[in-house]
Amino acid sequence: PHVGAHKNPHGQMAECALALAMGCDSIAFYWGADQNGEAPENYDFWLETLHRWRPFHLAVRDAFRGMSLGGVAVYHGSGHFATDEWYNHVDDKLTRLARNALPVTVTEAQPEALIVNERSVRTLTTNDLAKVFAWPTLMDTAAFEALGKRFPELKFTHKLKVEPLAGERALSTSVRASGYEQFANRGKCEKVRALLYPQSEDVVRFSEMTADPKACGTCVVPTEFGGKVVVVQDLDGNWPHVCWPGCRRHAILDALDAAVPGGMPARILTDGYALALTVRKDLCWQTAGLLVMNLGLGETPPLELAIRRGVGDAWQVMLPKGKPSSAEVVRRSADETVIRLPPLQACQPVLVMPKALKVNEQ
């Protein structure tokens, strides 16, 4: 009943809502075990919580029924089963991306972009290259450098020179050695892993480095296959800062929007908070529903959410233990609808669905 000393009934209900949004087609709710009992009042509270969350879980089920997940997906090359990691597809990079409000999916769904990390590079064969790099692709500096060494025949890997930096643990020595990544009008941040030097005029920079203004830290590299590679500082979920600083996150999402035709299907415009964004799309690749979950331990301010290629202009939002209400529209254009989400309590999700969808509240 208190797995990991943090999963109370509310946390379990939120976790189950996220599991449903991410693609579970069935779910079982239970709390307790035959060997470890708790006070009867605890089980009563769990049942009351389950009852109050039931309309929300049903709404998530109904809103996402028959839909596919959109976002970014880790690519596993055709040589995956020839590596020592063949038995395991788990990748901690997805944990980092999910906490930075980048919708994650799988290649079998409807991804807008692919992730090629160092592990992916080890699984690629020459037969994969044209297929993968015709897509928008997200890579970090280490993966991009490894790709160039493994496949020197790739022309686009020569468009960017990667100069890795020593990984200093102390902030003072790290900044002295590598400086900051600087973003126009958005400040700067630490944790620089490499200096990126564009070697071609078609490389688009989204930042510069204080240690050397000729270098950048985030950029888009066009490939010879028609795709674009977004190269960033960090996709590693093991770093001390699990969430990107807001300025870095903003630049990475700007770069992805530039690489993906029409941009990503949705984007949290409010930087600085740990949020998971799940996007569901219909058969026509239109954005048909979203779940936003606060992964932080405290409350957020009202959040702005941009919806691209939506099934309509009118949306409604629903909080757990609440009823659907019309979403407040901040602005609207031919390309997107921006709505304002309510403040989210710790570990609280909010469901965004078309206004026309009728919610089963039983």
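**Figure 1. Helix H6 and the elements that cover its buried residues.** In this predicted model, the cover over the buried residues of helix H6 includes helix H4 (118–123), strand E3 (137–140), strand E4 (160–164), strand E7 (194–198) and strand E11 (228–232). Helices (H or I, at least four residues) and strands (E, at least two) are DSSP runs, numbered from the N terminus. H6 spans residues 141–150, and its buried residues are Thr 141, Ala 143, Phe 144 and Leu 147. They lie on the same side of H6 because they cover an arc of only 165° around the axis, where the arc is that of the directions from the helix axis to the C-beta atoms. Buried means under 20% relative accessible area, exposed over 50%, and partly exposed in between (1.4 Å probe, protein chains only).

**Figure 2. Strand E3 and its parallel partners.** Thr 137 and Met 139 point one way from E3, while Leu 138 and Asp 140 point the other way, and all are buried. In a regular strand the side chains alternate between the two faces of the sheet. E3 pairs in the parallel sense with strand E2 (residues 110–115) over two bridges, and Ile 115 stands opposite Leu 138 in E3. E3 also pairs in the parallel sense with E11, over four bridges, and here the bridge partner of Thr 137 is Val 229 in E11. Two strands are said to pair if DSSP finds at least two bridges between them.

Figure 3. E12 is joined by three bridges to strand E15 (residues 303–308), and the two run antiparallel; Arg 267 has Ala 306 in E15 as its bridge partner.

Figure 4. Strand E5 (residues 181–183) and E9 are antiparallel and share two bridges, and the bridge partner of Glu 181 is Met 209 in E9.

**Figure 5. Two loop residues with positive phi.** Lys 191 lies in the loop between E6 and E7, and its phi is near 60°, a positive value in a residue other than glycine. Arg 309 is found in the loop between E15 and strand E16 (315–318), and its phi, near 55°, is likewise positive in a residue other than glycine. Arg 309 is partly exposed, with a relative accessible area of 31%.

Figure 6. Asn 294 belongs to strand E14 (residues 287–294) and counts as buried because its relative accessibility is 2%. Leaving aside residues up to four places away in sequence, Asn 294 touches Ala 274, Leu 275, Glu 299, Thr 300, Leu 344, Gln 345, Ala 346, Cys 347 and Gln 348. A contact of this kind means heavy atoms within 4.5 Å.

**Figure 7. The start of the chain, and the model as a whole.** Over residues 1–5 pLDDT stays under 50, and the model has six contacts beyond four places in sequence for this stretch; pLDDT is the predictor's confidence in each residue, from 0 to 100. The mean pLDDT of the protein chain is 88, and 90% of its residues reach 70 or more. The chain has eight helices and 20 strands, and 49% of its 362 residues count as buried.

**Notes to all figures.** Residues are numbered from 1 along each chain as its sequence is written, and side-chain values use heavy atoms, with hydrogens and water left out. As the model is predicted, local features need pLDDT of at least 70 and side-chain atom pairs count only at pLDDT 80 or more, whereas totals for chains, interfaces and linings use all residues.
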